[in-house]
Amino acid sequence: MVQASRWYRGGTSRDKLHYRKEEIRTTLQELLLYLIFLINLCILTFGMVNPHMYYFNKVISSLFLDTSVPGDERTNFKSIRSITDFWKFMEGPLLEGLYWDSWYNNQKLYNLKNSSRIYYENILLGVPRVRQLRVRNNTCKVYSSFQSLMSDCYGKYSSKNEDVADFGIRSGSEWKYSTSSTNSPWHWGLVGIYRNGGYIFTLSKSKSETKNKFIDLRLNSWITRGTRVIFIDFSLYNANVNLFCIIRLVAEFPATGGILTSWQFYSLKLLRYVSYYDYFIASCEIVFCIFLVVFTTQEIKKIKELKFAYFKSIWNWLELLLLLLCFVTVFFYANCNIQNFLLLGQLLKSTEKYSDFYFLAYWHIYYNNIIALTIFFAWIKIFKFISFNKTMSQLSSTLSRCIKDIVGFAIMFFIIFFAYAQLGFLVFGSQVDDFSTFQNAIFAQFRIVLGDFDFAGIQQANWILGPIYFITFIFFVFFVLLNMFLAIINDTYSEVKADYAIGKRPDFELGKMIKMTYHNALEKLKLKKTQKEDKKIKSNGHFVQPTRRESFDESEIRRAEQRRKWKEKLQKKYYSTEIQDDYQPVTQQEVRELFLYAVELEKEIQYISLKLNRVTRKFSALQY
């Protein structure tokens, strides 16, 4: 009796089934708790993003980047290529865009400490700042044959080559080097990384004074051959949407000559708690911290219980990564609020000085990036709970089975890929922008795979190697390697589906468990009959047990008939005693029918094995 009671339904242990049910129940509880955490985190992330941020950036960037120089419709900040164009921009679109002190009919509406209101809605905080960084002469070496033609040599910008000496008329901060008094990060430009400090001057509250200042700097050659970059920094605030906009316009003067322009527009919500919705977000932040403490405690308990076995699961590593990102998010959030509290008031006190909000923008951008990664991995963790689903289990099984083949294929793929990338960089790098650097060449080849390429530029750079490079790359990478990659996954997925077809599937599925829990709840609420009541048949007012089934249903009859047809066809083709002169190859349809026939036979064998196990248990019970 003991042996018979330990087994249930084909040899599965009762203790094991009870353990699996407890595991399912625990999984459902964890899923429910995690969904609440995920919803709370989504509210936080969407609460910190304002739809007006995009329109704010778009309006301000259009004003300073797309406005043309008077008399020259083709010249704006984006198209600046010479020093002359730069001064035209400074004295034209920049000056007109910064100073809005009257209405369109010249009526003065604002008298708030003579502050400008760009587009009549955005307050200019403090005054703008212009900053220049320079390099010393003789920071590079002129070849001996050309020293008679060129004696001066100004190299590329670096901290070693930076010029800190006074120059020009040597009167005023714009002609004297000043160190930075803030902790703003270095700027990563198009052709260099630039430090803080430099030759700095701030603009005036008066439009006419600022214009005269620009003219004076231009006439006294403030921009020379040693100039390597000029920064234009200012900040705006829009009270209607409670957003700050920190703007930086950058003009780089590379050692090759010319000017390269870039820009940064950051719309931020530095004043967090203003409306009732903001206080609701604050309550969600408190709930987030509570969840973080709970999840951290759970993981510490798991590590103590499982020890080194804890680190064998990829989901546990994902859990640790998510917790780490959450703690980093809390750190950045606390630091941003502390910096806002300490600096925001000081920056807003003086309207006659430059207000350096770039440092605050730097921390907020990093905070946004960290919380974006956090919400990404938080959604990825959902796969841990839905992996018990049949479809998701097939996906995970497919990836786990073919991982070795994919790694081997990836090695071969990237050997060919990087070989083509270096070939493209060396052949087209000096003439095609997409191949100007090795990193650009790598991304350009990924774009070629996706169908985005500049064949005309490649062909113009080298009319012989260009087409050869393009055709061979498309053939080997797109037609051969990518199809090999798809074939690996497709074959593995077919094997997994075949295993699932013959019964090799997870011990339980989350969807079935949820459905079973739902039906049990209905039965307890007496909204649905129990299974025992459904199995009984009502006769003359009394319930009797159903009689033994005497016939098969239609599906079983159809399956048996199909198996008989397959058997007859296979016997006729492969087991016939007659000698056939012509060789008949096996078709794909016949292979499929043979496979299905084998699957049906295995199911039938499992069914017979189940019956034999039940008979064995009955005999064992009779002996005891």
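Helix α11 (residues 403-428) has 26 residues and spans 36 Å from first C-alpha to last, close to the 38 Å expected at 1.5 Å a residue; the expected span is 1.5 Å times one less than the number of residues. Helices here are DSSP runs (H or I, at least four residues) and strands are too (E, at least two), numbered from the N terminus. This is a predicted model, where local features need pLDDT of at least 70, side-chain atom pairs count only at pLDDT 80 or more, and totals for chains, interfaces and linings use all residues. Residues are numbered from 1 along each chain as its sequence is written, and side-chain values use heavy atoms, leaving out hydrogens and water.

**Inside α11**
- Buried residues of α11 include Ile 406, Phe 409, Phe 413 and Phe 417; buried means under 20% relative accessible area, exposed over 50%, and partly exposed in between (1.4 Å probe, protein chains only).

**The α7 and α8 pair**
- Helix α7 (residues 314-349) and helix α8 (residues 358-380) pack at about 155°, with axes 9 Å apart; axes are lines fitted to C-alpha atoms over the stretch in contact, and angles run from 0 to 180 degrees between N-to-C directions.
- The two helices α7 and α8 are therefore roughly antiparallel, a label for angles over 145 degrees.

- Most residues other than glycine have a negative phi.
- Tyr 119 is not a glycine, yet has a positive phi of about 55°, and at 31% relative accessibility Tyr 119 counts as partly exposed.
- Asn 138 has a positive phi too, near 65°, and counts as exposed at 55% relative accessibility.

Definitions and conventions
Angles under 35 degrees count as roughly parallel, over 145 as roughly antiparallel, 65 to 115 as roughly perpendicular and the rest as oblique.
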